[in-house]
Structures are given as C-alpha cells and as structure tokens.
Amino acid sequence: NLERSRFHLPFTARVAEHSVEVGQYLKVGQVAAFLDGIDTAEIEVQVSISALHSLVRSAVSPQTVLPLDPTRMSEILEELKLNALVQLRLGNETVNWSARVDRLADGIDQKTGMMGVVVRVDAAYAQSEAGGRPPLTKGMFVTVTLSADPVSGVVLPRSAMRNGHVYLADPDNRLRSVAASPQLVQGGIALFGDTIPEGSRIVLTPPNPVIDGLLLEPIPAP
C-alpha cells in the first residue's frame with residue numbers, strides 16, 4: 001500500500017542504488033536501496049608511515065613518536081588540526097575543497113605499507129554551483145594534499161649535520177660543536193628550530209680531527 005508506505009532517514013541523502021522496482025513487494029528485512037549522505041564527503045588517502053611521521057614531527061616536535069595504537073594515533077592527528085586540500089582537475093581548471101583530517105583507516109596495507117588517512121569535506125553538495133562547480137560525489141578521482149602549519153627556523157644543507165651535531169665558527173673563528181636535532185628533513189635540506197642561532201656561520205667541511213676550539217680559516221662557500 002504505497003499511500004501508507006513511508007521511508008524515514010536520519011539525514012539528507014541521495015539514492016546510490018536501489019534493488020526494488022515499481023509494483024514489487026518488499027519483504028521484512030529486504031534491502032530496498034543504498035543511500036549516500038550529502039552533508040559530508042569522506043576520502044581515504046594512502047600515506048606512507050614515514051611521511052606521516054615527518055608531518056606530525058614538524059607540527060609538534062622532533063621527539064614526537066607516533067604510537068602504534070590506531071585510536072591514540074587518530075586522537076593525535078585530531079589534536080594537530082592538520083590542513084587538507086582536496087582538488088579535482090577538470091581539464092585546465094581545478095576545483096578545490098577545504099577538508100580536515102578526521103581519522104585513520106583500519107590497519108596498514110600489507111602490500112604497499114601505506115596507511116589510510118580519512119579526510120572529511122563538509123557541505124560537499126552545498127558548495128556546488130550549476131555550470132561551474134560540481135558537487136563532490138562518490139567515485140570522483142581527486143588529489144588530496146595534507147599539510148601542517150608553517151614552521152620557522154634555520155635551513156641548512158642536510159650534509160651539515162654530522163652524528164647529531166652541527167659545527168659553527170664563532171666570532172673568533174674557533175670551531176664550536178652544537179648538538180642539534182632537525183625539526184624537519186626533506187630531500188637535501190634540514191630545518192632547525194631554536195638550537196641554531198640565526199646568522200650563525202656553519203662549517204660545512206670541518207677539519208679532521210674535529211677539536212672544539214680549533215682555530216679556523218673560514219672559506220665562504222660559493
């Protein structure tokens with residue numbers, strides 16, 4: 001009896017798939033349709049554990065260690081409030097959505113060693129514009145960029161760090177060793193926080209043997 005048939009949903013949704021036709025009877029417990037909510041969209045991003053670790057360390061401190069417990073790891077990511085940008089390429093144009101890191105997916109991919117990070121886009125349908133901005137819907141191939149707030153410090157060549165130390169030339173041209181741990185290492189560069197004073201003269205090729213206080217004859221790097 002269609003006049004007495006009602007479907008009640010706890011959220012606004014669109015029909016993704018239906019398994020009944022007009023005139024067909026529904027039995028108790030039979031699946032009538034699958035519906036997708038339109039208030040938010042979720043995207044699972046595959047990220048290497050090392051890249052995720054570097055991102056967390058840059059946002060907190062170099063000594064931060066990611067816990068093995070996925071629940072605790074999700075809590076840390078939520079506390080960090082990492083930034084996420086979702087991009088959809090349409091020919092020469094790019095459509096952007098701001099997103100937030102919501103949680104970690106279950107487990108690690110055994111084949112690739114990647115970890116799933118779920119980002120969430122609010123009002124994925126409401127941001128659409130007819131003829132210009134499409135709604136973010138299931139099945140779209142998008143690119144997701146994760147980032148933390150900018151960090152400031154002294155950028156040095158990665159080779160300047162030797163066994164956890166950086167060598168400086170003091171105002172008297174004496175060799176000084178400073179224990180330093182980089183805030184961020186990327187490619188051939190390392191970023192240090194307040195452990196390396198700004199304006200320091202870095203000794204890229206220290207003498208052998210290294211003796212603290214040794215008189216130097218600095219030669220500026222080209």
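Student: Where is Asn173 placed?
Tutor: In this predicted model, Asn173 is in the loop between strand S10 and strand S11, which covers residues 175-179.

Student: Is Asn173 buried, exposed or partly exposed?
Tutor: Asn173 has a relative accessible area of 25%.

Student: Buried or exposed, for Asn163?
Tutor: Exposed, with a relative accessible area of 80%.

Student: Switching topic. Which residues does the cis peptide bond join?
Tutor: The cis peptide bond joins Asn208 and Pro209, with omega at about 5°. Pro209 sits in the segment after strand S14, which is residues 201-202.

Student: Now the whole protein. How many helices and strands are there?
Tutor: There are 2 helices and 14 strands.

Student: What is the strand order in the open sheet of 5 strands?
Tutor: The order is S3-S6-S5-S4-S7, and the pairing is antiparallel.

Student: Which strands are at the edges?
Tutor: Strand S3 (40-48) and strand S7 (143-147) are the edge strands, and each pairs on one side only.

Student: How much are neighbouring strands of this sheet turned against each other?
Tutor: By 40° on average, with direction ignored.

Student: Take S5 and S6. How many bridges join them?
Tutor: Strand S5 (residues 93-108) and strand S6 (residues 114-122) are joined by 5 bridges, and the two run antiparallel.

Student: What stands opposite Leu104?
Tutor: Val117 in S6 stands opposite Leu104.

Student: Back to the whole chain. What share of the residues is buried?
Tutor: The protein has 222 residues, and 29% of them count as buried.

Student: Last one, on contacts between residues at least 6 apart in sequence. What share joins residues at least 24 apart?
Tutor: Among those contacts, 59% join residues at least 24 apart.

How values were computed: Residues are numbered from 1 along each chain as its sequence is written. This is a predicted model: local features need pLDDT of at least 70, side-chain atom pairs count only at pLDDT 80 or more; totals for chains, interfaces and linings use all residues. Side-chain values use heavy atoms; hydrogens and water are left out. Helices (H or I, at least four residues) and strands (E, at least two) are DSSP runs, numbered from the N terminus. Buried means under 20% relative accessible area, exposed over 50%, partly exposed in between (1.4 Å probe, protein chains only). Contact means heavy atoms within 4.5 Å. Two strands pair if DSSP finds at least two bridges between them. Axes are lines fitted to C-alpha atoms, for helices over the stretch in contact, and angles run from 0 to 180 degrees between N-to-C directions.
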